[in-house]
Amino acid sequence: MPATLYRNPLTDILFEQSKEFVGLYHVERGWFTHVNSAGYRLLGYPSAQALYDEPTRTLRAQPLPPAEWAALRERVLREGSHEFEAEMRRQSGELFWARVELTSLVVEQQTYFLVRLTDTTPLHVAEHRLAESMDRFEAVVSHATIGIVMCNRAGEIVLANDKARDLFGYQSNALIHQHIEALVPEAVARYHEQLRESFNARPEMRAMGQNRDLLARRRDGSEFPVEVSLSYFRLEEELFVVAYVIDITFKKEAERELRAQHQRIARLNAELEQKVAERTHTLADTLRQLEQRTRELAQALAQEQELGELKTRFVAMASHEFRTPLTAVLTSVALLEKYAGPEQQDKRQRHYDRIRTSVMHLTDILEEFLSVGKMEEGRLEAHPTRLALAPLVHETVAEVDGLRKPGQRIVLQLPPLPSLWQDASLLRKVLVNLLSNALKYSHENTTVTVQATAREHSLRLVVQDQGMGIAREDQARLFQRFYRARNAANTPGTGLGLYIVAKYLELMGGTIALHSELNVGTTVTITLPYENHPAD
């Protein structure tokens, strides 16, 4: 083999020490007779012998037609060497680009090509990426909506996009190789050269709008206002400056119009402020007087309306509530005159009881009126004493016993409870009112339950009936003066009971809650502290 016959340190360096593909190609046989280890590894073969046994006997991605191979072979033999780039194939089928160097030599009267392959795939990838970047750069620059002009250190324009040519009135590439001073007004062109030299000496980024009232010059000599920002970069020791240009003609016109409008508005504001100041001074006192009169009238009107409403309610209620017991008294008195004999004592007693009940009812109504008056005037106070709840409840039940309808009963659930420090009179009136309502608004053969439980520092007292109940929309107003539920309109009452109860409980430091359902019943819960007046 030639590599064996002429083996020496130089051939060792050429073949085995090379990191690239190096092989001897026998021209007559049309294939390699010797390949270095770096070469067959580059092509993906496990050994040199595997490369020698390659059946296709070609390394190219696409084999050369015979005519082209003949022309290439003759050229290498004639010129002694030749270089070109070709797409090569590894044993796996993977393709890659390589630089091919062919050098002809003759060994023992046999013609060989010394073949050297250099993988240029990274270079092709870089070139492809560079081409893509250039395409993107050109697309961005060409289609930008602002003018872009690039010049070198000498001020010679090397790039201008379509928008820049439109702004300055140049056709095609007529801006290229022009000096940048051709785009500034003639009056400042020489001064601009000094500015350019200063920028070249100390280049820095300049944002849009930092320079005020800049003017640019079109090809026809006309001038127009612009905003310019500057950037720069260096390429192979050369400084390039990029100017981004915006025509602000419309902006300037808008600013002038805006300033004129501001001036007109300022004049109008000054005139208006003078007139307003004069009229404000005149109207200020009048306005204050009117506001004072309005407040006084509103307050008086509200009081008058409330008083009128209360009077109307009172007259309507009093005329109704007084008429019923008085009529009963008169009727009973007339009948008593007829029952003079001793054998009619039971009939007389029945009418005596009816007169007594009617008088008590009138007394209760008057007491309610007096209580409301005292509360309105702030003359009602609580006078707490130590008291036991059970006896007070039993006394109250006995007091309302005469109000029970046939079959009605009152059930007490009173466990042993601590004594209270409360006003016994006020608490009795609260219970009388609640029990009276429970009996009044319940039908015959129903039960009223009174339940008491002790909690931490407080007493919980519940009065529950099985009466007609109260509609949900009426429950929120039950504690107002003279207000009565709509389903109780035909039942005697003043509409003051729950209002007075709430006020009494407020004096005693307690609370009241009411839950009711129509045709099911009403549950009233009051909560009282055990020690409402510790100072006493």
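Predicted model: local features only at pLDDT ≥ 70, side-chain atom pairs only at ≥ 80, totals over all residues.
View 1. Strands here are DSSP runs of E with at least two residues, and helices are runs of H or I with at least four, numbered from the N terminus. Two strands pair if DSSP finds at least two bridges between them.

**View 2. A closer look at β9 and β10.** These two strands pair in the antiparallel sense over 10 bridges. Look for L230, whose bridge partner in β10 is A243.

**View 3. The second largest pocket.** Its volume is about 760 Å³, the space filled by probe spheres set on grid points joined across faces, edges and corners. A pocket is an open set of points on a 1 Å grid over the protein atoms alone where a 1.4 Å probe fits, with protein on both sides within 12 Å along at least five of seven lines; lining residues have an atom within 4 Å of a point.

**View 4. The lining of the second largest pocket.** Of its 28 lining residues, V184, H192, L195, L214 and V228 lie nearest the centre. Helix α8 (189-201) is among the elements that each supply at least two lining residues, and α8 gives the most, with 7.

Residues are numbered from 1 along each chain as its sequence is written. Local features need pLDDT of at least 70, side-chain atom pairs count only at pLDDT 80 or more, totals for chains, interfaces and linings use all residues, and side-chain values use heavy atoms, leaving out hydrogens and water.
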